[in-house]
Amino acid sequence: MKNKIKSFMRSILWSYSPASEREAADSTARNFLLHWFPAKIATRSISFSYSMVLGTIILALFTILTVTGLVLMFLYVPSVGHAYWSIKDLEFVIPYGWFIRDLHRVAAQLMVATVFIHLMRVFLTGAYKQSTTVVGSYRPLNWWIGLALLLVTMMLSYTGYLLPWDQLALWAITIGDHIALSAPLVGPAISKILIGGTIIDQNTLIRWYVAHVFFLPLIIFMLILWHMWRIRKDGGLAAVEALGTERIQQDKVVAKGKTYSLMGIVQGITPTITQYRVRGESVNASPYVTRRILVIFVFVTAITMALAFYIKAPLEQPANLMWTPNPAKAPWYFLWLQELVADTTIRIKGFTISGGFVGGIIIPTVLLLFAAAWPLLDKSTDAAIGVWFHKSRRLQNTAFLAVVAVIVILIYVGAVMRGPYWHLYMPWQAWIKMPTRF
Ligand code: HEM
């Protein structure tokens, strides 16, 4: 019965079933799209409990964003006079326009959140660390590419925030601009690049639009290709390295590395972790991994569509520089920074260091530098690479989780507990009434 269900599911999802090992290997090696997979993949690295397939989920979300974004481009007008009304048309006039917009918005929020969670899983499995026994790989590089992906993903989401040209968008961008302005010396220049002048207007909208629909997606796409390529060149996910370390300990053998060259463009030797290629420890990438990716894409699309039915993308009053909403809040993933900005103004004998500088620039820069330097500072053992919560990493995992907990708490405080004039309210307390302009 179990086998019948299995073969039925297979026939729906992916009917391809190779007749031999040779055919399975050929199907990846000869196919342009599948070529980036190795012919065989270690079972340990594709286990859900290791990666939780978060990277593939992000890929699926990015695909949904690209498809819905392309449709939205036919309908959205990037001009201050028309932007808001083109979104209104999407909501109320164009058939299913609201659904495409909600889908885009939900996928964007999910992507930012999933990228953060993926970063956490990579940290907690020590997957960014270079092994001392393996030659030919360099895992820290993929961690740095990942950090760039995180920054560009946040920028992509933030630039999209301005496009509806409503009050929410305008004031979220204004907060970001104020933070940039508080950077000493370079602040005004950064602000000028961001908003294209001294006030947020058509110049801002057009540059954020071009960044949002062209430059940032292109950069993410290129970085993703590099990220995937590095996984292969590092010999697979770090879980495989743990397997290699165990086997080296058991067998006391170091496998030979194989040289590779992509038409002479890149050269090097593959890492020595080829030992998992024994029966039972690896599967053919096609169809096992390809089918899995297809299932994840279908699943993520279904969940995102279901959520888009229930979570409405907000659209407030048209943008108005003369009327400041109170409180004005940044998007949720920047709320911890807004909260830090509000809490970190330092006054010493008439001398003031603004919270914008301390919380908005110094603290996030220090966190980012620490994250970038960590693969080089981390001195845990090789046995901890690719292993969840390894005991030799107890202290650093605890410190990392403490930083994450502080960020999550600050986001919660900013989202739920900050009312008018940025006063703190308990969840059960009512906010003071503010006059409404409209
Ligand atoms: C657009 C954003 C990103 C995409 C599409 C992406 C995609 C992926 C995919 C598909 C994998 C394979 C394993 C898995 O599914 O989890 C992976 C692994 C990895 N990612 Fe990302 N990633 C992104 C962002 C990040 C970030 C923010 C970091 C960390 C700063 C990061 C660091 C890594 C590392 C080090 C690996 C190898 C993990 C291992 O060997 O176990 N990635 N990524």
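Author: A residue is buried under 20% relative accessible area, exposed over 50%, and partly exposed in between. The model discussed here is predicted.

Reader: Why does Lys40 count as partly exposed?

Author: Its relative accessibility is 23%. That value lies between the cut-offs of 20% and 50%, so Lys40 is put in the middle class.

Reader: What makes the pair Glu21 and Lys40 a salt bridge?

Author: The limit is 4 Å between a side-chain nitrogen of Lys or Arg and a carboxyl oxygen of Asp or Glu. Glu21 and Lys40 have an N to O distance of 2.6 Å, so the pair qualifies. Glu21 is in helix α2 and Lys40 in strand β1, so the bridge ties together parts 19 residues apart in sequence.

Reader: How do you know that Asp102 and Lys312 form a salt bridge?

Author: The closest N and O atoms of Asp102 and Lys312 are 2.8 Å apart, and the limit is 4 Å. This pair links distant parts of the chain, with Asp102 in helix α6 and Lys312 in the loop between α12 and α13, 210 residues apart. Asp102 and Lys312 also belong to a network of salt bridges with Glu91 and Arg101.

Reader: Are Asp102 and Lys312 buried or exposed, or in between?

Author: Asp102 has a relative accessible area of 1%, under the 20% limit, so Asp102 is buried. Lys312 has 46%, which lies between 20% and 50%, so Lys312 is partly exposed.

Reader: Which parts of the chain does the salt bridge of Glu339 with Arg418 join?

Author: The closest N and O atoms of Glu339 and Arg418 are 2.5 Å apart. Glu339 lies in helix α13 and Arg418 in the segment after α15, so the pair ties together parts 79 residues apart in sequence. Both Glu339 and Arg418 are buried. In total, the structure holds eight salt bridges.

Reader: Why is the arrangement around the iron atom of the ligand called octahedral?

Author: Six donors count as octahedral if opposite donors are over 155 degrees apart and all others lie between 65 and 115. The six donor atoms here subtend angles of 86 to 179 degrees, which makes the arrangement octahedral.

Reader: Which protein atoms are donors of the iron atom, and what makes them donors?

Author: They are NE2 of His118 and NE2 of His227, lying 2.1 to 2.2 Å from the iron atom. His118 is in helix α6 and His227 in helix α10, so the pair ties together parts 109 residues apart in sequence. His118, at 18% relative accessible area, is buried, and His227 is buried at 14%.

Reader: Trp165 and Leu185 each have a positive phi; where do they lie?

Author: Trp165, with a phi of about 55 degrees although it is not a glycine, lies in the loop between α7 and α8. Leu185 has a phi of about 65 degrees and is not a glycine either; Leu185 lies in the loop between α8 and α9.

Reader: Why does Trp165 count as buried, and why does Leu185 count as exposed?

Author: Trp165 has 9% relative accessibility, under 20%, and is therefore buried. Leu185 has 85%, over 50%, and is therefore exposed.

How values were computed: Residues numbered from 1 in each chain as written. Predicted model: local features only at pLDDT ≥ 70, side-chain atom pairs only at ≥ 80, totals over all residues. Heavy atoms only, no water. Donors = N, O, S within 2.8 Å, 3.2 Å for Na, K, Ca; no water. Tetrahedral: all angles 85-135°; square planar, octahedral: opposite > 155°, others 65-115°. Helix = DSSP H or I, 4+ residues; strand = E, 2+ residues; numbered from the N terminus. Buried < 20%, exposed > 50% of the residue type's maximum accessible area, 1.4 Å probe, protein only.
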